[in-house]
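Thanks, everyone, for making the time this morning. I would like to walk you through one chain with the structure on the screen, so please have a look at it first and then we will go through the side chains together.

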Amino acid sequence: MISTLVRAGVAGAALLAASGAALAQTAWVLPSAYPPANYHVENLMQFAKDVETASGGKLKITVHPSASLFKAPDIKRAVQTGQAQAGEVLISLHENENPVFGIDVVPFLATSFDASKKLYAASKPAIEKALDAQGLKLLYATPWPPQGIFTKKDVNSTADLKGLKWRAYNVGTSRIADLVGAQPVTVQAAELPQALATGVIDGLMTSSATGVDSKIWESLTHYYDTQAWIPKNVIFVNKAAFAGLDPAVQKAVTDAAAAAEGRGWALGAEKTSAYMETLKKNGMKVLEPSADLKKGLADVGAKLTEDWSKKAGADGAAILDAYKKM
């Protein structure tokens with residue numbers, strides 16, 4: 001009987017200890033708009049795992065991919081209002097709030113990963129300041145592959161884009177549609193496969209990664225490797241939620257974020273060539289843009305750079321000046 005009581009006491013103590021550990025653990029949710037197999041989400045999963053390990057289990061972050069918790073345009077607001085503690089968004093989705101959020105999608109401003117990294121370094125202080133004013137703390141940023149044009153017809157100049165039902169997902173892609181005479185249709189990443197399958201859109205500028213994610217070869221046939229810009233996702237946290245963590249847990253988060261940023265930039269470059277091969281293997285015509293198309297897109301880029309500079313004012317001028325000096 002004594003041994004039974006001892007065993008019961010040990011079991012009770014273990015239960016209390018487990019209960020205490022559970023109470024001590026902080027749980028966060030982190031919504032993302034992209035599918036689980038996308039390298040951004042894989043990177044997020046590793047980030048969450050690293051945080052849990054480094055914090056000794058004191059902070060558990062659950063990643064919710066595929067816009068399952070919030071749609072892409074709603075993620076940032078959800079984190080600002082505390083409905084989610086952290087989130088991942090394509091920062092250019094929010095250019096209408098502040099022009100600095102759209103610097104990375106100004107066409108032909110930064111068209112290589114090295115140039116994009118310099119542009120991010122030049123714009124990061126302004127982006128951090130803008131997010132801070134909205135109650136958010138920037139954790140890290142990671143790039144997409146360069147943007148190209150997907151269609152189901154030959155495109156030899158920007159005139160061939162006229163009349164296309166053009167997928168728009170931010171201010172920049174809507175303006176491109178306006179300038180080339182296409183019809184902008186707002187479609188976020190999670191909605192893209194259905195929009196393609198139902199003919200809601202028949203042309204778009206996006207990355208090879210999104211093309212693979214959406215199995216774009218099932219609807220479109222041509223990909224022009226224009227390398228127009230390299231957009232970024234940013235990962236941020238609600239400032240109040242971060243402030244509520246112990247200093248050691250805060251360090252676990254920022255250390256894991258720094259590692260995720262380095263890993264994400266390396267993955268972006270590494271995955272680009274693999275995505276291009278996947279497009280080819282599935283029957284897409286992967287083509288270099290013609291001289292006429294390049295010239296037309298360069299003209300569009302010059303106009304959009306001018307538009308962005310006017311909107312961004314002194315902050316924009318400072319960013320562009322810093323970038324040119326790098």
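Predicted model: local features only at pLDDT ≥ 70, side-chain atom pairs only at ≥ 80, totals over all residues.

Tyr 39 and Trp 144 are both buried.

Another pair is that of Phe 150 and Tyr 223, where the ring centres are 4.4 Å apart and the planes stand at 40°, so this one counts as tilted. Here too distant parts of the chain are linked, with Phe 150 in strand β5 and Tyr 223 in strand β9, residues 222–224, at a separation of 73 residues. Again, both Phe 150 and Tyr 223 are buried.

Coming back to Tyr 39 and Trp 144, these two belong to one aromatic cluster together with Tyr 34 and Tyr 275. And while we are on rings, I would point you to Phe 242, which has Lys 137 over its face at 5.2 Å from the ring centre.

Let me step back to the chain as a whole. Its secondary structure comes to 10 helices and 11 strands, and its C-alpha atoms fill a box of roughly 90 × 45 × 30 Å along the principal axes.

Now to the interior. In soluble globular proteins, nonpolar side chains tend to be buried together. In this model the largest nonpolar core has 68 residues, and the members that touch the most others are Phe 47 and Trp 166. Which helix gives the most to this core? That is helix α9, residues 247–281, with 9 residues. Apart from this core lies another, of 33 residues, which includes Phe 70, Ala 84, Ala 141 and Ile 319.

It is worth looking at Phe 47 on its own, leaving aside its neighbours within four places in sequence: the residues in contact with Phe 47 are then Leu 30, Ile 61, Leu 139, Tyr 140, Val 253, Ala 256, Ala 257, Ala 260 and Arg 263.

From the core I turn to the charged side chains. Side chains of opposite charge can pair when their charged atoms come close, and this structure holds 13 salt bridges.

In one of these, Lys 60 meets Glu 52 at 3.8 Å, N to O. Lys 60 counts as partly exposed because its relative accessibility is 32%, and Glu 52 is likewise partly exposed, at 27%.

Another joins Lys 310 to Glu 306, with the closest N and O atoms 3.3 Å apart; both residues lie in helix α10, residues 291–324, and they are 4 residues apart, about one turn of the helix. Lys 310 is exposed, with a relative accessible area of 61%, whereas Glu 306, at 38%, counts as partly exposed.

A further bridge runs between Lys 325 and Asp 321, at 3.1 Å between the closest N and O atoms. Lys 325 has a relative accessible area of 65% and is therefore exposed, while Asp 321, at 38%, is partly exposed. There is also a network of salt bridges, which links Arg 175, Lys 303 and Asp 307.

Finally, a word on Thr 198, which is placed in the loop between α6 (192–197) and β8 (203–207). Is Thr 198 buried or exposed? The relative accessible area of Thr 198 is 52%, and since the cut-off for exposed is over 50%, Thr 198 counts as exposed.

Definitions and conventions
Residues numbered from 1 in each chain as written. Heavy atoms only, no water. Core = buried A, V, L, I, M, F, W, Y, C linked by side-chain atoms within 4.5 Å. Buried < 20%, exposed > 50% of the residue type's maximum accessible area, 1.4 Å probe, protein only. Helix = DSSP H or I, 4+ residues; strand = E, 2+ residues; numbered from the N terminus. Contact = heavy atoms within 4.5 Å. Phe/Tyr/Trp six-rings, centres within 6.5 Å; stacked < 30°, edge-to-face > 60°. Lys NZ or Arg CZ within 6 Å of the ring centre and 35° of its normal. Salt bridge = Lys/Arg side-chain N within 4 Å of Asp/Glu carboxyl O.
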